[in-house]
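This report concerns a ligand site and the aromatic contacts of a protein chain. Please consult the sequence and the structure shown here.

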Amino acid sequence: MNRLTPLIFKQSKSGRNGYKIDDGDTKNISFEKFINKKLLRKNFPQLPEVTEFQVVRHFTNLSTKNHHVDKDFYPLGSCTMKYNPKINDAIAILDGFAMIHPNQPIETVQGALEIMYELEKILCELTGMEKATLQPSAGSQGEMVGLLLMKKYHEIHNNKKDVIIIPETAHGTNPASVIMTGFKVKQVKSDKRGRVDIKHLKTIVDDRVAGMMLTQPNTLGLFEDKIEKISKIIHDVDGLMYMDGANLNALVGIAKPSLMGFDIMHINLHKTFSTPHGGGGPGSGPVAVNSKVADFLPNPTIEYHNGKYSLEMHAKNTIGKVHSFFGNFGILVRAYVYILSLGNKGLKDVATYAVLNANYLKFLLQDKYDIPFSDGTLHEFVISAIKQKNRGIKAIDIGKSLLDYGFHAPTVYFPINIPESIMIEPTETETKETLEDFANVLCQIDDKIDNEQEYLKNAPYHTPVRRLDETKANRELDINYYET
Ligand SMILES: *Cc1c(COP(=O)(O)O)cnc(C)c1O
C-alpha cells in the first residue's frame, strides 16, 4: 500500500528503451539540409530512458490514483461531470481531424470548416441567437469575450457605462471577468426564493449600468422566473443581458435564452455537450449573440458561399482575435458528434432526465439534510450541512468521507449564500441505483455523526493521500514520488 514510486524521470537508466527501429538509411541524411538551423535542437531532449513495460505500468498506476467519471459517480455541482460517450473520441481521433494542420490550404480543410459552421448553426438554433464564435477555450474566456462585446457596443453607441450587475450567487469567474475587462461589479441580492431580488435590482440600476450577467438557471439550480422583468429593467437603460450558460443541461432542447431577453451568452461545450474536462484538459466556451453585437465577434468567422467554406476577417468593429487559429478544434468535433448522435429528441431527453435525476436525489436527501431553496429545482440543487455542523461535522468532513465510499465529493462551500453548502449535480446519465446508493451513503454519514465523529473528522482513509493542507499542497507542489 505504501511503496513509493518515483517519477518516470527518476526511473530513467541510460541505454534502456522500449523498441528501437533500425536507423536504416536515415543515418546518412543531414537534417541541416532540410530544416532551418535555427529550429534544430542543440542538445538532446531530456526524455526518460525506460522500457515500454515501465511506461505502461507507470501510467496505468497513475490513472487509478485520481477520481474520474469513468470510475464512479462524480456529482460536482455546476461543473457537470457527465458520461462522455466514447464515440466522440473515436471520431475526433480520425486522421482527417486529428492530423490536419491549421495552416493547410483552405480547400483541403473544407470538411473541418463544415463541422465548425454546422456546430455554430446548431448552437444558434438551441439558444435562439443569431451568430456565434467557437474560439474561446473555456467558459471564463467566453465571459471575457462577451464583456468585450458589451464594451464595443457601448463604445459605438457613445454610452458612458462602467458597471456590470451580478447576483450574489454568481460563479466566481463572473466578477473576475468583469474586473479583467475594466468594468466595476455591483452585486444584486437574492430574494427569499433564491432568485434575483427585483426590488433591490431596481434600486441599483442607473445609467452607468453596461449590463448584467446572470446564470440561468442560477447556481442554486433554480429558474429565474422573473427573467423577462429583469431583462426589461436592464434594457431600459440600454444595458445588455449576458447569460452565463456554462451549464445548459436544464435548458438544452427545451428553452431558448434569446426569448428571455439575453443578448450574449457563453456555452461550455465541456459541460453540456460532454467532452472530458477538469485537470486542465482542453475545453471550449463558444459565445452566441443576437444582432446587437454580432458584428463585433472575434476574427475570423466561418462563412459559406457558393458551395465553399471560407474564413473571413472583419477589420471594422471586431474585438479582434481571442485564440490561436479557430479554438480547440478537437472539442468542437466531440460536441458535434454528441449533438448529432443524440438528435433533437435526445437533446431534450438530456434536459428532462437531468432535472428528473436531480429532483429524485433531492427527494432522497430531504429528511436528513436542510435544503433551503428547494422550490423549482432543475438540474442541480444545494443542500446545507448546517444541522450536521451543529452536531459537530462540517460540509468538508462529509465531502472527505464520501471519498472512502468511492464517490467524488460534490461542490462544497459554493454558492456562498448558503451556510455549509453542498452543491449536487447528478447529471442525466446516472442510473436510479447509483442515485440511491449515493443518497444512502450520505444518510449513513449523517447517522455516524453521533457515535463516530472522530472517525468522520479524519476521513478519508482509503485514498492515495489523506487530508491535505490544500493551500500548502497548491503552493509547495511535491510530485517527486507517489505511493502505490
Ligand atoms: C464552469 C462554470 C464557469 C467557468 O467555465 P470554465 O470553462 O471552467 O472557465 C462559469 N460559470 C458557471 C456557472 C460554471 O459552472
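The sections below treat the basis of the model, the ligand shell and the aromatic pairs.

## Basis of the model

The model is predicted: local features require pLDDT of at least 70 and side-chain atom pairs count only at pLDDT 80 or more, while totals for chains, interfaces and linings use all residues. Residues are numbered from 1 along each chain as its sequence is written, and side-chain values use heavy atoms, with hydrogens and water left out.

## Ligand shell

The ligand is surrounded by 13 residues, of which Ser78, Gly139, Ser140, Asp244 and Lys271 are the closest; a residue is near the ligand if one of its heavy atoms lies within 4 Å of it. By class, the shell comprises eight polar, three charged and two nonpolar residues. Here Ala, Val, Leu, Ile, Met, Phe, Trp, Tyr, Cys and Pro count as nonpolar, Asp, Glu, Lys and Arg as charged, and the others, Gly among them, as polar. Helices H5 (139–156) and H9 (269–272) each contribute at least two shell residues, and H5 has the largest share, with three. Helices are DSSP runs (H or I, at least four residues) and strands likewise (E, at least two), numbered from the N terminus.

A side-chain N or O atom of Ser78 is 2.6 Å from a ligand oxygen, a backbone N or O atom of Gly139 is at 2.8 Å, and a polar side-chain atom of Asn268 is at 3.1 Å. On its own the ligand has 380 Å² of accessible area (Shrake-Rupley method, 1.4 Å probe), and the protein covers 87% of this area.

## Aromatic pairs

The whole structure contains nine aromatic pairs, defined by ring centres within 6.5 Å, with planes under 30 degrees apart counted as stacked, over 60 as edge-to-face and the rest as tilted. Tyr117 and Tyr309 form an edge-to-face pair, because their centres are 5.3 Å apart and their planes lie at 65 degrees. This pair joins helix H4 (residues 110–127), which holds Tyr117, to strand S10 (residues 308–312), which holds Tyr309, across 192 residues. Tyr117 is buried at 15% relative accessible area, as is Tyr309 at 10% (buried is under 20%, exposed over 50%, partly exposed in between; 1.4 Å probe, protein chains only).

Tyr309 also pairs with Tyr304; this pair is tilted because the centres are 4.4 Å apart and the planes at 35 degrees. Tyr304 is partly exposed, at 38%. Elsewhere, ring pairs link Phe73, Phe407 and Phe438 into a cluster.

## Charges over rings

The charged end of Lys121 sits over the ring of Tyr117, 4.4 Å from its centre; the criterion is NZ of Lys or CZ of Arg within 6 Å of the ring centre and within 35 degrees of the ring normal. Lys151 lies over the face of Phe183, 5.3 Å from the ring centre.

Methods: Polar contact = N/O pair within 3.5 Å; in protein donor to acceptor, adjacent residues only side chain to side chain. Phe/Tyr/Trp six-rings, centres within 6.5 Å; stacked < 30°, edge-to-face > 60°.
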